[in-house]
Amino acid sequence: MPIPRPDPQGARVIAHVDLDCFYVQVEQRKQPELRGLPTAVVQYNSWKGGGLIAVSYEARKFGVKRSMRGDEAKMVCPEIQLVQVPIARDKADLNTYRNAGSEVVSILSRKGRCERASIDEVYLDLTDAAELMLSETPLEILEDFDEDVLKSHVLGIAVDEDKEKNVRGWLCRSGADHRDKLLACGAIIVAKLRSEVLKETEFTCSAGIAHNKMLAKLASGMHKPAQQTIVPSSAVKELLAYLPVKKMKQLGGKLGSSLLNDLGVHTVGDLLQFSEEKLQELYGINTGTWLWNISRGINGDEVEGRILPKSHGCGKTFPGPKALKTTSSVDHWLNQLCEELSERIQSDLDQHKRVAQTLTLHARAFKVNDMESRKKFPSKSCPLRYGISKIQEDAKKLFDSGLREFLGSESNVWKVTSLSLTASKLLDTPLGTSSILRFFQGKISSSAASDGTQKGIQDDHPSASLGCKGDIVSVYNDGQKLSVAEEYGKGNDINFQDTRVNRLHSPNRKSKEKGKDSITRYFSCGNSSSRKQAFDGLNVTNQQGGGCEVDERGSADDRTHRQTDDSWTLNAENVDPSVIDELPMEIQQEVRGWLRSSKRINSAKGGSSIFHYFSSINN
Ligand code: DCP
């Protein structure tokens with residue numbers, strides 16, 4: 001349901017930047033001989049030449065469209081170059097495109113808050129940069145405008161033969177109000193960013209510059225490729241008066257159809273005839289107000305400072321005769337998807353220090369003897385455990401659980417036409433915890449190897465078990481439970497634990513100073529569950545921790561830990577800084593950073609505790 005947000009006070013400058021025929025540009029960069037030629041990227045599917053997913057502007061001139069298949073495109077444009085998406089694990093591999101999108105994002109984010117909205121779209125909040133530019137350079141005196149700026153389309157100004165002169169006049173007219181001046185600065189900034197993107201990545205992009213996200217997004221698609229469009233406030237009414245409702249984000253579906261069929265509303269501007277109360281009466285308070293707002297170009301959505309994806313997903317469709325009919329074929333594909341997902345979340349962890357919390361399985365299926373059934377295959381989620389085999393195991397459980405629910409008591413023959421997996425709830429890890437992990441794992445790996453526990457070491461990959469917690473039980477949608485013993489890999493626990501304790505108590509480590517050996521006891525104390533509680537206590541202030549001392553004064557220091565029943569409390573803010581002194585310098589800095597950020601971490605709901613990083617040791 002759309003959420004109405006009033007425009008914030010004070011003018012904003014928001015840009016929406018969208019790469020042109022993105023996958024085609026990526027392929028043309030790989031094969032420069034394709035530049036300038038009609039080109040399309042086709043899906044991994046040989047049927048009728050494969051489905052087109054991206055079409056170059058040269059090919060569009062011949063009438064080639066994304067909805068066509070390769071064979072059809074060749075009929076319309078015989079010289080079209082068809083490039084197949086890269087393939088890995090028998091399915092499309094979009095990594096090249098994701099990485100290319102990231103290159104662009106890193107350039108665009110130089111000038112303001114940046115939100116990556118999709119693989120090739122970005123919102124920018126350029127308000128501060130525009131205000132700064134305006135305060136330093138009055139536009140009226142600007143003479144040297146970049147060619148790209150003068151080629152901007154400014155909605156509402158005359159488009160005659162001397163368009164560039166008109167644009168120049170609009171950009172630096174003396175009577176402009178502050179809002180328009182800010183937009184003019186925004187246009188200059190965006191043109192510069194676009195030319196940097198071209199220079200550094202060889203990709204062209206188009207942009208919309210307006211006072212809010214909604215208008216910027218509408219504008220970016222108005223003039224493509226490699227152009228930009230500015231929406232001054234004075235042009236909003238006319239823009240919306242002619243904008244078909246279905247073109248507006250969130251009006252493409254049922255709501256847009258209802259406006260069209262029930263109210264006879266064809267354009268967004270047609271909504272102006274309805275009062276806010278009437279729209280609320282018809283569509284509810286939120287949607288009613290949202291409709292009233294958008295018809296006036298009001299949209300207060302913030303540009304979220306997010307340049308990384310919110311989740312990682314991978315899927316595969318099995319159309320027509322390719323539908324999966326056996327659990328073994330489902331298992332095969334789930335394994336493939338899990339491998340890809342595992343690689344991606346691991347790379348996110350390595351590069352961005354983010355941990356995914358939730359694994360979700362979506363599937364589309366039908367019952368062979370009951371084709372009329374409208375019952376959908378239910379999506380299932382569980383806490384995400386790192387490591388390919390764990391993800392595979394969990395994905396299968398999710399599928400089985402979904403299938404049981406989908407079939408109910410009937411014993412029916414089924415077919416699966418799509419499978420997808422998503423890793424979501426990506427939380428920032430406390431600063432530096434991954435190098436703490438590396439530190440401990442380095443020790444454990446080498447020791448364990450000499451102990452002949454190679455098998456455990458392999459399972460003990462840095463990715464293993466991050467994110468799994470004691471509360472994993474009962475999280476399955478259908479109440480199915482995972483054994484906690486299984487989660488904590490009981491079998492290997494003792495070896496690893498002992499190894500770690502021994503290493504930390506190495507004779508090289510002197511603990512003469514007060515508090516110096518306390519953290520070793522902190523890590524070595526008790527069994528794995530008490531250690532877990534101790535770390536949880538560190539991470540979530542006021543939570544109950546494990547039965548071990550934190551520092552030498554700990555037993556007497558009620559501020560630092562308290563014993564209640566058989567559990568302990570540790571407030572991160574009360575950790576004696578001298579305790580940290582005994583750690584290697586690299587770790588010291590990061591633990592301090594982590595303690596500083598503990599407030600932020602505390603606000604994240606379960607699953608982000610430092611214990612997750614150490615729990616892998618026990619698997
Ligand atoms: N894409 C896809 N399947 C779709 C739509 C898009 O795989 N049904 C991929 C290929 C596109 C990329 O996403 O290149 C970006 O999609 P856009 O809708 O932004 O379209 P393009 O960038 O290809 O073209 P345009 O210049 O019109 O934005």
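## Pockets and cavities

On a 1 Å grid over the protein atoms alone, a pocket is an open set of points with protein on both sides within 12 Å along at least five of seven lines, a cavity is a set of points where a 1.4 Å probe fits but cannot get out, and lining residues have an atom within 4 Å of a point. Grid points are joined across faces, edges and corners, and a volume is the space filled by probe spheres set on the points. The model is predicted, with local features needing pLDDT of at least 70 and side-chain atom pairs counting only at pLDDT 80 or more, while totals for chains, interfaces and linings use all residues. Residues are numbered from 1 along each chain as its sequence is written, and side-chain values use heavy atoms, with hydrogens and water left out.

The largest pocket has a volume of about 1,200 Å³, and of the 47 residues that line this pocket, R116, A117, S118, R306 and P309 lie nearest its centre. Two or more lining residues come from each of α4, β7, β8, α9 (213-220), α13 (285-294) and α14 (327-352), where helices (H or I, at least four residues) and strands (E, at least two) are DSSP runs numbered from the N terminus. By class, the lining of the largest pocket holds 16 nonpolar, 13 polar and 18 charged residues; Ala, Val, Leu, Ile, Met, Phe, Trp, Tyr, Cys and Pro count as nonpolar, Asp, Glu, Lys and Arg as charged, and the others, Gly among them, as polar.

## Salt bridges

Side chains of opposite charge can pair when their charged atoms come close. With a salt bridge taken as a side-chain nitrogen of Lys or Arg within 4 Å of a carboxyl oxygen of Asp or Glu, the count comes to 27 salt bridges. One of them joins the side chains of E103 and R29 at 2.8 Å, N to O; because E103 lies in helix α4 and R29 in helix α1 (residues 22-30), this pair ties together parts that are 74 residues apart in sequence. E103 is partly exposed at 29% relative accessible area, a label for values between buried (under 20%) and exposed (over 50%), computed with a 1.4 Å probe and protein chains only.

A second bridge, between E339 and R89, spans 3.0 Å, N to O, and links helix α14 with the loop between β5 (87-88) and β6 (91-92), 250 residues apart. E339 is partly exposed at 27%, and R89 is likewise partly exposed at 21%.

The side chains of E196 and R110 also meet in a salt bridge, at 3.1 Å, N to O. Since E196 belongs to helix α8 (residues 178-201) and R110 to the loop between α4 and β7, the pair ties together parts 86 residues apart in sequence. E196 is buried, at 19% relative accessible area, whereas R110 is partly exposed at 45%. Salt bridges with shared partners join R110, K192, E196 and E200 into one network.
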